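Please keep the structure in view while reading.

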Amino acid sequence: MLDDISLAKLFNRLVDELGDLAHPYHTCIPTIGYGVSKAAVNCYTQALAQRYPTLRVNACSPGFTNTDMCLNYSGSRIPKAVPLGASVFCKVLFGDLGAGKTGTFFKEASKTGTPLPDAVSLVDPWVQ
């Protein structure tokens, strides 16, 4: 199990590595910081869940949702509506999906245009 000092060192190392955006590996693979930060959140979520077993510590992803991150997006993928993306948070916090779970990654898995009552949120097993 990671102690608080180890968690702090891990977090600081990630910040140091990602902090230098002028480094060549950030420019040749433009999304590396985003991908590494997602991996870090998943690892940190699991570490905190182990460290504090009486708390529910989980991570949620709304999927590709029409937020400010999409403002300059020019690809062919259509982002989902914000209420659809946000539905995973409600299901984890207030529904059965997150009941009793900790150290778990949940995602909103519906296709763009899915009506809100038909939204599908699930546990992403690759993080387990």
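## Terms and model

Two strands count as paired if DSSP finds at least two bridges between them. Strands themselves are DSSP runs of type E with at least two residues, numbered from the N terminus. The model discussed here is predicted.

## The sheet

Three strands form an open sheet: 3 strands in the order β1-β2-β3, with mixed pairing. At its edges are β1 (59–61) and β3 (121–123), each of which pairs on one side only. From one strand to the next, the twist averages 20°.

Strand β2 covers residues 105–108 and is joined to β3 by 3 bridges. These two strands, β2 and β3, run antiparallel. Within this pairing, Lys107 has Leu122 in β3 as its bridge partner. In general, strands of a sheet pair through backbone hydrogen bonds, and the pairing is either parallel or antiparallel.

## The cysteines

How many disulfides does the structure hold? The count is 0. For Cys60, the nearest cysteine sulfur belongs to Cys90 and is 9.9 Å away. A disulfide requires the two sulfur atoms to be within 2.5 Å, so Cys60 is in no disulfide.

Are Cys60 and Cys70 buried or partly exposed? Cys60 has 24% relative accessibility and therefore counts as partly exposed. Cys70 has 10%, so Cys70 counts as buried. The cut-off for buried is under 20%.

Technical notes
Residues are numbered from 1 along each chain as its sequence is written. This is a predicted model: local features need pLDDT of at least 70, side-chain atom pairs count only at pLDDT 80 or more; totals for chains, interfaces and linings use all residues. Side-chain values use heavy atoms; hydrogens and water are left out. Buried means under 20% relative accessible area, exposed over 50%, partly exposed in between (1.4 Å probe, protein chains only). Helices (H or I, at least four residues) and strands (E, at least two) are DSSP runs, numbered from the N terminus. Axes are lines fitted to C-alpha atoms, for helices over the stretch in contact, and angles run from 0 to 180 degrees between N-to-C directions.
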